[in-house]
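Dear colleague,

Please find the structure handed over below, together with its sequence.

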Amino acid sequence: MTDILIARRSLLLGAAAVTLAAGTSRLALAAADTDRRFVFVLLRGGMDGLAAVAPYGDNDYARLRGSLALAKPGEADGALDLDGFFALHPSLAPIHSWFKEGALLPVHAVATSYRDRSHFDAQDLLENGTKAPHAASDGWLNRTLSLLPGAGERRLGLAVGQQVPLVLRGPVQVASWAPSNIPAAQPGFLDLVREIYKGDKLFSTALANGIAASDGASSALGDDMKTMGKPPANGAPRPAAAVTLATAAGKMLAEANGPRIAVLELGGWDTHAGQGAARGRFAGAATALADSLVALRTSLGPAWQDTVIAVATEFGRTAAVNGTGGTDHGTAGAAFLAGGAVAGGRVAGKWPGLAADKLYQARDLAPTTDLRAVLKGALRDHLRLPTAKLDTAVFKDSSDAPPLAGLIRV
Amino acid sequence: MTSKLATIAAVRFGLGPRPGELAKIGNDPRGWLKQQLRPVTMRIASADGATRLDEYYEARGKGADEVAKMLRGQTREQFRDEAAKRTLAAVTSETPFLERWVQFWSNHFTVSVQRPVVLGLVVPFEDEAIRPYALGKFRDMLLAVARHPAMLLYLDNAASVGPNSRAGIRRERGLNENFARELLELHTLGVNGGYTQNDVRELAKILTGWTIPPRAARMGPLLAAGGEKAAFRFVPNVHEPGDKQLLGATIRESGEREGLEALLFLSQHPATANFIATKLVRHFVADTPPQSSVLAVAKVFRDTDGDLAAVAQALIDLPAAWDPPLSKVKTPNELVISALRGIGATESPDVLRGAAGSLQQLGQFPFTAPSPAGWSDESSSWIGPEAALLRVEWGLAFGTRAARVTEPGVLLANTIAPLASKPTSFQIEHAPSAAEAIALLVASPEFQRR
């Protein structure tokens, strides 16, 4: 029976040889039409922007934040200064040097057009790229893919994880990949499955994309597939799942024939209680984010120079600490652009202030920048997409949020 | 010769047929389902929620390191054991519709070990707040959920304090909106149910004081009086004073009664009937619920004051629920349970380990939902590219094991024979080995759907 159980994910380049020997063509790779990479990191749960990028220079910051206020830069457990007014959360230390280097661009007081406070509607709107939750069943990144040259010939979109999040779903075929310890099926068996999936579009399409992603992963990850997600031999702790996925995504994106757009999701941001300042639930989530971004950069290698990573969340949180050492659902927050192609080293966005009369509905950081403008600016100047398409096709009916200029090195 | 309707009863309402089940259903599929709507006393967890709270407090009393160690070690193991037992109960159940019904409500009122503090409490939660009320009134389940320590801790209400209460003024503590918002959005009215941010705040105030008792209070007087250990307590010191406004209604200051009144009000709100009916029809009929079915179920919900047994009957009576082809896709949880039922698996360490491992690999280990919204009930959330391939690979691993205890032809006859397409039957019959035949069967769209 062992002959039908080949560890697909342990295969090296042999996967291609097996495929060709079986006379099928599972690897359909077209030459890369673009070397530019775009990664969307979706923080689910509502990241507290005032914790991630602390406005320590604001007169109301310490008072409002109470037990959540970070110590000033230079003090013990202090925030990491950016520009004398804003500072990064200490758990984001691994990417602090990116700011000085110009590869990190925080944007503050940013929000989608959503103004209620449901996670699930807010995430849906953020992902579907329209002005209403559930107004589209495909996502803005899938619509972006449809505008890229070469999208018809090979799968340029990749979700790391078993499933494809809404932001990447749609008519353009995309891949998803995650490490697994289930032995792989031989191509011959997969052919039989294809036969019985012929009458079922949902299953036949998903399987074809899964096989393609798996082949792509085999060639990009090689030997690393054997150890991915397992504890390191030297006794160091097992890397967080997100870090493993980020590493895999970076390697696949780095491939000459690999995907060009990838999505990574991170949770743990819904910090209603026990959020903490330098330590606590927020610090844990921020550490996983920083480690994932570093893993992405490392595994991208030289392709980092051609990469823009956009980090965004569905909404910010209440400006003031709540009754239980946390924050409740709010409105504006922070987003990040990172990567070798980013024109960083400054904090973008118009700061609305934290004074009582400046808060949105007397409780949240007020939104001054539309997240779509940030994303559209990145897509226009990095992927060279025309504004007209961004206004109508990618972010539907969004001419009221024109692309922000100057986010990308040109 | 079994009928298509018997198969639909077994896979769409039940959890997939066990050997002999299709014959037992025979030509009375609706009758087979309705006779399952009788309360059964059953408990999965080895201890109740109150005891688990004690264990948690005991570890906490020893210091932060002890809590961390407990959460990492024995509690996690105990949780995994109990979650596997819960899966096995579904695999072996002779009332699989009732079991699916319990799992539906458990998912509706999700508590998840993504917050490690509830590790020891989630299985007792299903035992105590869901199962006993599954055929009773919705409002009673809602109340049991709202008072259970698993929910009070998972959505933070246990720590919420009225800012103008005695404790709030003295300790400078205040509200936590988490539970109030999800209670409105996810448990009762639905996100379009017509509430505002102000209603969220008011409900949070109403529910201040609904918390878990400190250890001493729970153990002392109650036990002395011969009562059970309590896992819920209303603490007046923490309760926000004054009248509250909820969706246009005034809730007069009355301490714990305010919460009871609010929950009753929400359970009887028309938006709740509509929201619950929509979710149920999505679960039993189609990802995009037909409006006529939703209206029919919502009407029964309203007319019976949320009688869940009557609502279950209404679902069975929906013509749309009996229309092949089956449009729903099984979740990983449903896939694993139905495959094990198909081969007639019974309790053994191997089966328990196998079921737990499969659920972990396919990404749906019980009580680990990523958010309070619970697991998705739509195929687009489950059939991603990697997931589709993984299901095939899992099928092959399952087939390799199952070939030792059953034959493909028998499994086919016992499960999806009346629904199987010609290509599926042909490929199963001509597969190169029994293992691959079984793998093709469980990977087939007819088996993956319900």
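The notes below cover confidence, then the sheets, then the helix contacts.

This is a predicted model, in which local features need pLDDT of at least 70, side-chain atom pairs count only at pLDDT 80 or more, and totals for chains, interfaces and linings use all residues. Residues are numbered from 1 along each chain as its sequence is written, chains are lettered from A and ligands numbered from 1 in the order in which they are written, and side-chain values use heavy atoms, with hydrogens and water left out.

Confidence

Residues 219-227 of chain B, however, have a pLDDT below 50. Beyond near neighbours in sequence, this stretch has eight contacts in the model (contact means heavy atoms within 4.5 Å). Where pLDDT is low, the predicted coordinates should not be read in detail.

Sheets of chain A

Helices (H or I, at least four residues) and strands (E, at least two) are DSSP runs, numbered from the N terminus; two strands pair if DSSP finds at least two bridges between them. In chain A, eight strands form an open sheet with mixed pairing, in the order β8-β7-β10-β2-β11-β12-β6-β13. Its edges are β8 (175-177) and β13 (369-370) of chain A; each has a single partner strand, so one side of each is left without a neighbour in the sheet. Within chain A, β11 (residues 307-313) and β12 (residues 333-338) run antiparallel and are joined by three bridges. A:I309 has A:A338 in β12(A) as its bridge partner.

Three strands of chain A form an open, antiparallel sheet in the order β3-β5-β4. Here the edge strands are β3 (53-54) and β4 (80-81) of chain A, each pairing on one side only. Two bridges link β4(A) with the antiparallel β5 (residues 87-88) of chain A, and A:L80 stands opposite A:L88 in β5(A).

Helix contacts

Axes are lines fitted to C-alpha atoms, for helices over the stretch in contact, and angles run from 0 to 180 degrees between N-to-C directions. Angles under 35 degrees count as roughly parallel, over 145 as roughly antiparallel, 65 to 115 as roughly perpendicular and the rest as oblique.

One contact joins the two chains: the axes of α8 (residues 201-221) of chain A and α21 (residues 385-402) of chain B come within 7 Å and cross at roughly 90 degrees. That makes α8(A) roughly perpendicular to α21(B). Among the residues that meet are A:L207 and A:I211 in α8(A), and B:L389 and B:V392 in α21(B). By class, this contact has seven nonpolar, three polar and one charged residues (Ala, Val, Leu, Ile, Met, Phe, Trp, Tyr, Cys and Pro count as nonpolar, Asp, Glu, Lys and Arg as charged, and the others, Gly among them, as polar).

Within chain B, the axes of α19 (residues 332-342) and α20 (residues 349-362) come within 9 Å and cross at roughly 150 degrees. α19(B) and α20(B) are therefore roughly antiparallel to each other. Their contact has seven nonpolar, two polar and no charged residues; among them are B:L335 and B:L340 in α19(B), and B:L359 in α20(B).

Also in chain B, the axes of α12 (residues 178-187) and α13 (residues 197-206) come within 8 Å and cross at roughly 120 degrees, which makes α12(B) oblique to α13(B).

Yours sincerely

Definitions and conventions. pLDDT = per-residue confidence, 0-100.
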